[in-house]
Structure formats: structure tokens, C-alpha cells
Amino acid sequence: MFAAFSALSVRGRGAARLAASTLVSGLVAASVVAGAGTAAADGAAWSQGGATATIGGLKTYGGAVVHADSGDQEISAGLFEMSVDGGGMLQTYCVDIHNPTQRDARYHETPWSGTSLGANKDAGRIRWILQNSYPQVNDLAALAGKAGVKGGLTEQDAAAGTQVAIWRYSDGADVDAVDPQAEQLADYLERSARGVGEPEASLRLDPPAVSGHPGERLGPVTVHTDADGVTLTPPADAATSGVRIVDKDGKAVTSAADGGQVFFEVPENAAAGQAELTVQASTTVPVGRAFAAESRSQTQILAGSSESTVSATASASWAKTGAIPALSAAENCDKGGVDITAANEGTEAFTFELLGVEHSIPAGESRTVTVPLQEDQAYDFTIQGPGGFEKRFTGVLDCMTQMGEAEAAGALTQTLAEPSPATVGTATDDINLAATGGSAMTPLITGIAIGLVVIGGAALIVVRKKQLPTQD
């Protein structure tokens with residue numbers, strides 16, 4: 001029984017990034033990846049279900065001024081638009097003022113706990129603002145009347161004023177709208193905001209991974225959604241493997257409703273293996289849901305949704321004897337890392353290693369292990385087990401909105417004269433060792449590490465720690 005940590009990279013805000021070398025456990029040899037950019041190219045980042053979308057930039061916006069000791073910086077403030085995979089459009093505001101937006105960045109719906117909102121006592125006030133301002137309130141005359149704006153509001157004023165009010169709570173920013181009407185709306189929203197609870201996910205499966213023995217129904221997996229119903233797509237090789245998706249009575253099912261429970265029915269003679277169920281629905285995503293980028297791009301919060309495609313996956317693993325793991329993960333900003341939940345329905349302990357620490361899950365038990373990460377740290381690791389079991393998790397930990405004043409000024413300056421916040425480079429920048437400030441020996445050291453993996457050598461780690469800005 002074994003597991004392998006594939007790769008880990010560390011990068012700070014801005015251009016500095018580091019390609020990762022590989023940690024090889026004494027149990028198995030791990031694959032080599034060259035940082036977050038490569039990970040994204042090799043496969044989509046995991047998510048906990050819901051909408052996945054690509055950001056298209058600011059569409060309705062006005063001007064804002066951020067005040068700092070180093071001077072005032074003018075930036076654009078307003079609504080972004082995202083195109084949803086499978087169909088649909090989203091409108092979002094930013095909750096990460098100092099971090100630029102990456103061009104065509106991909107985002108996935110995520111709980112507040114996986115973003116800076118999780119530790120923000122004012123996150124509920126942000127949701128109130130979203131529910132009580134533009135575009136949820138599209139009667140601009142009525143909105144102007146509530147805010148006491150005598151000159152009326154344009155869409156640009158409404159979007160800019162709403163974003164400014166959000167930034168005051170999401171980032172603690174000293175920021176004002178340039179237009180007087182937009183500023184008056186921002187003041188009204190900030191003053192009136194009240195705490196509102198976090199919205200439920202548009203679609204999630206609980207648990208997202210199950211395990212057991214051939215001849216059993218593995219599960220249940222419970223569907224949670226605000227859609228009228230969901231479509232169930234069985235494993236791709238179901239016709240040959242014999243694995244079926246069934247209800248509690250063993251009847252094959254292709255759809256389910258909120259609260260519905262489904263199972264993986266595995267033939268008794270099946271060899272050790274894995275299968276994946278895909279669940280899809282069409283619904284409007286709840287206002288206030290957070291959207292985290294699969295690369296380093298500013299966090300967004302949902303302001304409006306058309307009818308959109310949402311999806312989630314659940315996996316199953318089985319074997320007759322030995323360890324039978326079921327693995328899932330969730331970013332946990334409160335703990336500063338990624339929670340790996342491992343359940344073992346087998347007859348032997350499931351043992352795996354992460355960051356040089358060995359973990360053992362006894363038969364019949366479930367445990368959660370937190371993998372500690374630095375802020376802005378890209379991660380990519382694969383946990384392997386018996387019978388060809390393998391589970392990969394990739395992403396970027398983005399839990400904070402604050403940065404040093406000099407760095408903040410630099411980020412804000414980049415947004416000047418642009419219709420959307422500054423964009424950063426494409427994924428190829430993630431493997432630019434020259435930009436990290438490392439020595440000329442870094443590429444050579446990385447090459448040696450890869451060579452050691454090929455010949456089954458010992459572990460070698462090359463990590464450049466993030467330079468934390470000083471605070472006055």
C-alpha cells in the first residue's frame with residue numbers, strides 16, 4: 001500500500017514563480033511535473049462540483065481610486081462576465097483587489113472556506129450587497145432612490161458603486177468611486193449591509209468518493225442541488241466492466257433529484273479497479289457563490305447567473321482484499337492548506353506519504369490529513385494505491401487578499417488605462433526559472449532531480465520560499 005507526492009511549486013504574487021522538482025518516497029517513484037502551468041495543461045484541476053467557467057474581462061464598469069500612503073491609484077471597477085462550460089453566462093465582482101486577473105483564466109465554483117471569504121467576518125455583508133444592488137436590482141431608478149442618488153444611476157455607476165462597496169468589506173480597502181453617483185451608492189451599500197449566510201452549492205455530491213468490495217453496492221452518494229433534477233452518466237467503460245449506477249433498491253438510474261441517493265453496483269467477479277460517475281444539471285447558480293481560479297487569478301463572487309450547466313463527479317474504488325481507499329480533497333483556508341480525506345473500506349491499513357510524512361488509515365476508518373501550504377503556493381500531487389488506484393489533486397492556495405504596500409501599488413498601477421484589471425502571463429511563465437531570482441544552477445539542479453527519479457534515486461527538493469513583504 002503506497003502513495004506518492006508528485007510535485008510541489010511555490011510562487012509569490014507577480015511574476016516570480018518556480019518550477020517544481022520532485023519528492024520521491026521510499027515506497028514508489030512519482031511522476032514529474034514542471035509547476036502549475038504544466039499541471040493545468042496535463043489535466044483540469046479538481047473541484048467540489050458546480051459551475052466551471054472562463055473569465056472574459058470587465059464588461060460594465062466605471063472608475064475607482066484606491067488610496068495608499070504611496071499615493072492614489074486609479075483602477076477600473078465593475079462587473080466581469082464568465083462563459084460557463086457547457087453553456088451559460090455568469091456575472092461576478094472581484095473580492096481580491098490587489099491581485100490581477102489572468103487572461104482567459106478558468107474558474108470553478110467553490111465554498112467560501114476555500115477562499116479569503118472563509119475567514120472574513122464580513123463575507124455575509126458582501127452577499128447582502130450582491131442581493132440588494134446591481135444587477136440583482138436592475139431597476140436603476142429604484143436603486144438610486146434607496147441610495148438617495150438624485151441624479152440617477154447608469155449601469156456603469158451601479159456596477160462601479162457596488163464593486164467599491166464590496167472591496168471595502170472583502171479587502172478592507174480605502175477606495176472610492178470616481179463618479180459621485182457611484183460613490184453615493186457605495187456609501188449607501190456599505191452602511192446598509194447586514195450579514196447573510198453562505199449560499200449552498202449549485203451542485204455537489206456527498207461523499208465525492210466511496211470504496212468497498214466487488215459484489216457490493218458502494219455508497220450511498222447523495223445529490224445536493226438547487227436544480228429540478230440531475231442527469232447521471234455512468235462510468236465510460238460500464239458496458240465492459242459491468243459497473244452500474246443504481247438506487248437503494250438496485251434499480252439502474254439515469255437521473256436523480258435533490259437529496260437522491262445513488263450507488264455504484266460492482267459485479268462480484270470484478271478485478272480491483274476504479275470508476276467515476278458524472279452528474280450534470282442546468283440551473284441558475286446562487287448569488288454569493290465564490291469562484292476560485294485554477295491558476296493565479298483574482299477570486300470572484302457571483303452577482304448574477306443565467307441558466308447554466310453545472311456538474312460534479314464521484315469516484316468509486318474496489319478490491320477483494322487489502323487496502324481499498326476513497327480519497328477526496330478540499331482547500332481549507334482556516335488551516336492554510338488542503339484537506340485530504342481518506343476512507344479505507346479494506347481489510348488492511350492504507351498507507352501513503354505526503355511531504356515526507358507517512359500516514360496510515362486503518363481498515364474500516366476514515367481520517368482527514370491537512371497538507372500545509374504557503375499562500376499563493378501551486379500544488380500538484382498524486383496519491384497512489386494498490387490495484388492501480390490513483391488520485392491527482394492540483395490547484396493554487398489563494399486565501400489572502402492583503403499584500404505589502406509596494407507590491408500593492410505595483411499591482412494597481414498595472415490596471416491603469418485598461419478596461420479590466422491587469423493580466424499576467426500565460427502558463428508558460430510558470431516554468432520560467434530565470435524569472436524566479438534563482439541562481440544559474442537551478443536548471444541543472446532540476447535536471448539532476450529528474451534524472452534521479454528516472455533511475456529510482458533518493459529524494460531531491462528544490463524550493464524557493466516566498467518573499468513575504470514587510471508590513472509597516
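Mentor: Before we start, angles under 35 degrees count as roughly parallel, over 145 as roughly antiparallel, 65 to 115 as roughly perpendicular and the rest as oblique. This is a predicted model, where local features need pLDDT of at least 70, side-chain atom pairs count only at pLDDT 80 or more, and totals for chains, interfaces and linings use all residues. Residues are numbered from 1 along each chain as its sequence is written, and side-chain values use heavy atoms, with hydrogens and water left out.

Trainee: Okay, at what angle do helix 3 and helix 5 cross?

Mentor: Roughly 65°, and the axes of helix 3 (residues 140-147) and helix 5 (residues 180-192) come within 9 Å. Helices here are DSSP runs of H or I, at least four residues, and strands are runs of E, at least two, numbered from the N terminus. Axes are lines fitted to C-alpha atoms, for helices over the stretch in contact, with angles from 0 to 180 degrees between N-to-C directions. Helix 3 and helix 5 are therefore roughly perpendicular.

Trainee: Which residues meet there?

Mentor: Leu143, Lys146 and Ala147 of helix 3 meet Gln184, Leu185 and Tyr188 of helix 5, where contact means heavy atoms within 4.5 Å.

Trainee: New topic: how many disulfides does a search of the whole structure find?

Mentor: It finds 1, a disulfide being a pair of cysteine sulfur atoms within 2.5 Å. Cys333 and Cys399 form it, with sulfur atoms 2.1 Å apart.

Trainee: Are Cys333 and Cys399 buried or exposed?

Mentor: Both Cys333 and Cys399 are buried, meaning under 20% relative accessible area, while exposed is over 50% and partly exposed in between (1.4 Å probe, protein chains only).
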